[in-house]
Amino acid sequence: MRWTVLVVFVLLFALITVIGFLAGRWRRGDLDLLHEWGLGGRRFGTFVAWFLIGGDLYTAYTFIAIPALVFGAGAIGFFAVPYTIIIYPLLYVVFPRFWSVCRRHGYVTTADFVRGRFGNGSLALAIAITGIVATMPYIALQLVGIQVVIGAMGIGGQGLLHDLPLIIAFVILAAFTYTSGLRAPALIAVVKDLLIYIAVVAAIIVVPIELGGYGKIFAAIPAAKLVLPSPKGSTFGLYSAYATLALGSALALFLYPHSATGILSSKSAGVVRRNAALLPAYSFLLGLIALLGFMAVAAGLAKNPEFAPGFKQYGPSFAVPALFLASFPAWFAGLAFAAIGIGALVPAAIMSIATANLFTRNIFKEFINPACTDAEESQVAKLASLVVKLGALVFVIALPLKYAVQLQLLGGIWIIQTLPAVMIALYTRFLNGWALLIGWICGVLSGTWMAAMLHFAGTVYPIHLLGMTIPGYAALWSLLINIVVSFALSLVFNAIASDRHKDATAAEDYA
Amino acid sequence: MPVPPSERPPRTHAARILLLAPFIAMLWVSSYNSITPKLGGIPFYYWYQLLWVIIGAGITGLVYLVER
């Protein structure tokens, strides 16, 4: 047991627990209204939105998994950097329109928008279910992030004792989300980010000094891992894999329910635009964090007997915790671990709120109890957020980690299939609701089939075109199928029976 | 009930074309898949992509200022 690390960790966790409960009183609103509980009253300005969306998109899982990928596989793991560069022009151009139309009509979820735009309950249901299913394993992976740092603090044991710290963290998370709604992660995100920035800035200064400079660190990396291998013969090799992973991940990101929740909680479209220019600060941070993977290689941590049990249990995910334990005094490692642990709670809270909003608005109110009052709606959402988190917890404790990872990979393939109905629909009503639904089905099936062909171990699927092999992100290939089907069928359906009169939105709603 | 817009919509300026630059630069992988030139011991591949984080943010910020 690493006691000093543990004490610092527990103190910081206690601090954010208090903040989480007090958050409900901050910018007080009537938490019996869904947009107050689930969107913080749409009142967050540039500053708070920066922390909230940053804490939402750059999760603890990212902070563990990206350096782990760089640690294990090298240059390919850096795709997170181009990915998080190109999301922001996209955010700037596309999502202020989404914010505007949702504000005008009181939409809380992407499926609300699709329901209004196409007047098609089946399509909206498909969008809602996709969001819920894609987010659940994502929440589970956040809990895994907590598990890794708990393990790194030397808390072992068997059975219930082993899972107890995770259960405690989960209960705290569930309680403050229930009582304070989106205001809790928004305030906690401020503390979490300060801790993350302190930990990372210290790491990129201190560790290279200990290891003899960046030159020495990169010299310790095998040449094959330092850059991508050049493609040979008639294949684009890792070049097209790298580019399509970045592009596909970027297109998918803002379709996730928790991203939409972050955007819609902003108080104006201007806040969204400003943050498109300010949020890249996190991308820079993520790039630096990715380099921690190489520092862990250069420090020879994998061969250090002190960390052998950690690497045995958690694999490359143990690289970052081990690096902090090896390079810093115990109290500082505690601070860094708390940053990761709290960094898991923030997105987990927002994700559970976002899925709860989807369930309440697009399943409960749409199909189960259309006559429910505002207070009942809000109550259902609070309960749904508990169920979602309980599901994630059971998932993490009862099933092997690999299922959560595989489902999260599949989740990315599924969520991108909502792009035509959400993003393209912000620009044109040419598409027909039923055509979009069939396109969605084709996208989900083809994407899942490609993943199955890869035995659910990866997402880079090679397609063969004009004698060339193009390995690429399965989400992107299946999205292309989806788009072609959606447009082709819309042409036919519009000619037979147009559904354009069902559009509840008007052109000026999008400005 | 629809509510009126809360702020004046921004002008859409031709400068938006610049927002394509990060896509082109980052998806053109072969242009930066190289160890040299190094910067402070860091291979080109890494510092170039990190540099584009800053350029990309600068472009988005510039377009925001022009359109405001």
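Modeller: A residue is called buried if 20 or more other C-beta atoms lie within 10 Å of its own, exposed if 12 or fewer do, and partly exposed in between, with C-beta atoms placed from the backbone. Helices (H or I, at least four residues) and strands (E, at least two) are DSSP runs, numbered from the N terminus.

Colleague: And the source and numbering?

Modeller: This is a predicted model, in which local features need pLDDT of at least 70 and side-chain atom pairs count only at pLDDT 80 or more, while totals for chains, interfaces and linings use all residues. Residues are numbered from 1 along each chain as its sequence is written, and chains are lettered from A and ligands numbered from 1 in the order in which they are written.

Colleague: Which exposed residues does helix 1 of chain A carry on the face turned away from its buried side?

Modeller: That face carries Trp3(A), Leu11(A), Ala14(A) and Val18(A). The buried residues of helix 1 of chain A are Val5(A), Val8(A), Phe9(A), Leu12(A), Ile16(A) and Gly20(A).

Colleague: How many residues of helix 3 of chain A are buried?

Modeller: Helix 3 of chain A, residues 46-57, has 10 of its 12 residues buried. Among them are Trp50(A), Phe51(A) and Asp56(A). The buried residues pack against several helices of chain A, including helix 9 (183-211) and helix 18 (330-368); a contact means C-beta atoms, placed from the backbone, within 7 Å.

Colleague: Turning to the two chains, how many residues does each give to the contact?

Modeller: Chain B gives 33 residues and chain A gives 38. On the side of chain B that touches chain A, helix 2 of chain B gives the most, with 12 residues.

Colleague: Where is Tyr32(B)?

Modeller: Tyr32(B) is in the loop between helix 1 and helix 2 of chain B. Not counting residues up to four places away in sequence, Tyr32(B) touches Phe44(B), Tyr45(B), Tyr48(B) and Gln49(B).

Colleague: Is Tyr32(B) buried or partly exposed?

Modeller: Tyr32(B) counts as partly exposed, because it has 19 C-beta neighbours inside 10 Å.

Definitions and conventions: Expected span 1.5 Å × (residues − 1).
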